[in-house]
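Here is a friendly walk through one protein chain, written for someone who likes cut-offs stated plainly. Please have a look at the sequence and the fold before reading on.

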Amino acid sequence: MSPPVPRLVVAAPSSGSGKTTVATGLMAAFAARGLAVSPHKVGPDYIDPGYHALATGRAGRNLDAYLCGPELVAPLFLHGARGCDLAVVEGVMGLYDGAAGEGELASTAQVAKLLRAPVVLVVDASSQSRSVAALVHGFASWDPQVRIGGVILNKVGSDRHEELLREALDASGVPVLGVLRRVARVETPSRHLGLVPVAERTSAAVDAVDAMAAQVARGCDLAALEALARSAGPLPAGSAPWTPGPSSARHPTRSAGSQAPGTARPAGERGPVVAVAGGSAFTFSYAEHTELLTAAGAEVVTFDPLRDEGLPEGTAGLVVGGGFPEVYAAELSANEPLRAAVADLARSGAPVAAECAGLLYLCRELDGRPMCGVLDATARMTERLTLGYRDAVAVGDSVLAVAGTRMRGHEFHRTVVEPGAGAAPAWGVRAPARRVEGFVQQGVHASYLHTHWASEPGVARRFVERCRTS
């Protein structure tokens, strides 16, 4: 058996402490030393992994114990970290914050325990001195199974401030592995759903990652942090890398693709072309989705709805994931040839899977601007943020799932679609309130729910099989 991948988890007492700066900076700084770094993010976040990918040159991967189940955290980690020298996992929210009402489920602490990885706690020290020791002691002692291997002090004001903090922490038994001074914030612009994605920032995103790397390399003990990563224990017995092939199915007796399992295409035979929306307007996707589609035999081709006036040649199915169509509504609306092509494809009965931003794009209009008109619904921006995990069940058969298939999803948007569900809804949602949601018509499955297909690999197999036969 190969030795475990050295790894560490970057966590914090709360959001806004500097996790993204430290985690991304560590990834880039270790990569600059010649290490192959595997980047990971706890939770459903799509934007931070884009910065991680820029820092490391590898796909940013999510580890979400709610969407995929705790049993898939280590396998998905090993899949992403295959061939790497070291892995850095950025946490979510505060260290012990998880899915609402679910205890530790989906928390950074749970993922750290599942990976048996040491934790580096990033503490915003801007308004404290001796109290930092009480804070760190509390976090280190709360759960004995979580190993706080070190602290990085952020927003430290002066040499004297640093001296006071270090004196206070001397008795805690938790070493200080870095001190970052209170400087002008690294420029990572935000808007209504968080950071602006890497795909929209080009050279500015590169500059931001370079600045994070320089700040972390200057203020942190990289050798000590690497040694901490190498102290991670073996993963649980039997842990093996996840694979996008048929053997990855978690629930073979109720797989979403059980009626249409699909197989990889024979050598030399071209599989159905599945067009996947990309570009600046559609940046939210999990790397495993395209891997599952490819493993099921599809030829995955990415296109940009902001620039391409037609779908890729031979398109047999379409996947439109999340992103920011509301920001680019004018440009998307102006691309009339592509809107017409999408509508024609949907009318033909070809499989179309749309999540959140994809749902908005398929509507008749978005903020008064014409969209594809596939769905008899309108979409508009609101001031209200809809955010949270969801338990869902497929109401009827669709190109993604058979009726009764249970999946977990995540909602994250400031828009509303009216009506919220079609005559044939996509999902029945159990929490926070019972309701039906989304649209199933002909080959279209459109919904606000972001799902992680690794939890139900049959989704991709079923979709590709429908592409072959529609």
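Predicted model: local features only at pLDDT ≥ 70, side-chain atom pairs only at ≥ 80, totals over all residues.

Residues are numbered from 1 along each chain as its sequence is written, and side-chain values use heavy atoms, with hydrogens and water left out.

**Domains and cores**

The protein is divided into domain 1 (7–231) and domain 2 (273–468), with bounds that come from an automatic or database domain assignment. Taken over C-alpha atoms, the centres of domain 1 and domain 2 are 32 Å apart. Their contact (heavy atoms within 4.5 Å) takes 23 residues from domain 1 and 28 residues from domain 2.

Next come the nonpolar cores. Such a core is a set of buried Ala, Val, Leu, Ile, Met, Phe, Trp, Tyr and Cys residues joined through side-chain atoms within 4.5 Å; buried means under 20% relative accessible area, exposed over 50%, and partly exposed in between, with a 1.4 Å probe and protein chains only. The largest nonpolar core has 111 residues, and Phe 77, Leu 115 and Leu 225 have the most contacts inside it. Helix α1 (residues 19–32) gives the most to this core, with 7 residues. Domain 1 (7–231) and domain 2 (273–468) each supply at least three residues to this core. A second, separate core has 39 residues, including Phe 282, Ala 350, Leu 360 and Met 371.

Helices (H or I, at least four residues) and strands (E, at least two) are DSSP runs, numbered from the N terminus. How many of the 9 residues of helix α3 (residues 73–81) are buried? The count is 9 of the 9, so helix α3 is largely enclosed by the rest of the structure. The buried residues of α3 pack against β1 (7–11), β2 (37–42), β3 (61–63), β4, α4 and α9. Phe 77 is one of the buried residues in α3. Leaving aside its neighbours within four places in sequence, Phe 77 is in contact with Val 5, Arg 7, His 40, Leu 63, Ala 87, Val 89, Leu 115 and Leu 235. After α3 comes Gly 83, whose phi is positive, near 80°.

**Ring pairs**

Rings of Phe, Tyr and Trp (its six-membered ring) pair if their centres lie within 6.5 Å; planes under 30 degrees apart count as stacked, over 60 as edge-to-face and the rest as tilted. By this rule the count comes to 7 aromatic pairs. Two of them are set out here.

| Pair | Geometry | Centre to centre | Between the planes |
|---|---|---|---|
| Tyr 96 and Phe 139 | stacked | 5.9 Å | 25° |
| Phe 284 and Phe 324 | edge-to-face | 5.3 Å | 80° |

Tyr 96 lies in the loop between β4 (86–90) and α4 (108–115) and Phe 139 in helix α5 (residues 131–142), so this pair ties together parts that are 43 residues apart in sequence. Phe 139 is buried, with a relative accessible area of 18%.

Ring pairs link Tyr 46, Phe 284, Tyr 286 and Phe 324 into a cluster.

A charge can sit over a ring too, if NZ of Lys or CZ of Arg is within 6 Å of the ring centre and within 35 degrees of the ring normal. The charged end of Arg 408 sits over the ring of Tyr 66, 4.0 Å from its centre.

Glu 162 lies in helix α6 (residues 159–170) and is buried, with a relative accessible area of 18%. What joins the side chains of Glu 162 and Arg 181? A polar contact of 2.8 Å does. The term stands for a pair of N or O atoms within 3.5 Å; within protein, one must be able to donate a hydrogen and the other to accept it, and residues adjacent in sequence count only if both atoms are side-chain atoms. Not counting residues up to four places away in sequence, Glu 162 touches Val 156, Val 179 and Arg 181.

Ser 455 is found in the loop between β22 (450–451) and α13 (458–469). Ser 455 is buried, with a relative accessible area of 4%, and its side chain reaches the backbone oxygen of His 452 at 2.8 Å.

Ala 431, in the loop between β18 (427–429) and β19 (435–437), counts as partly exposed at 34% relative accessibility. Leaving aside its neighbours within four places in sequence, Ala 431 is in contact with Tyr 389, Arg 390 and Asp 391.
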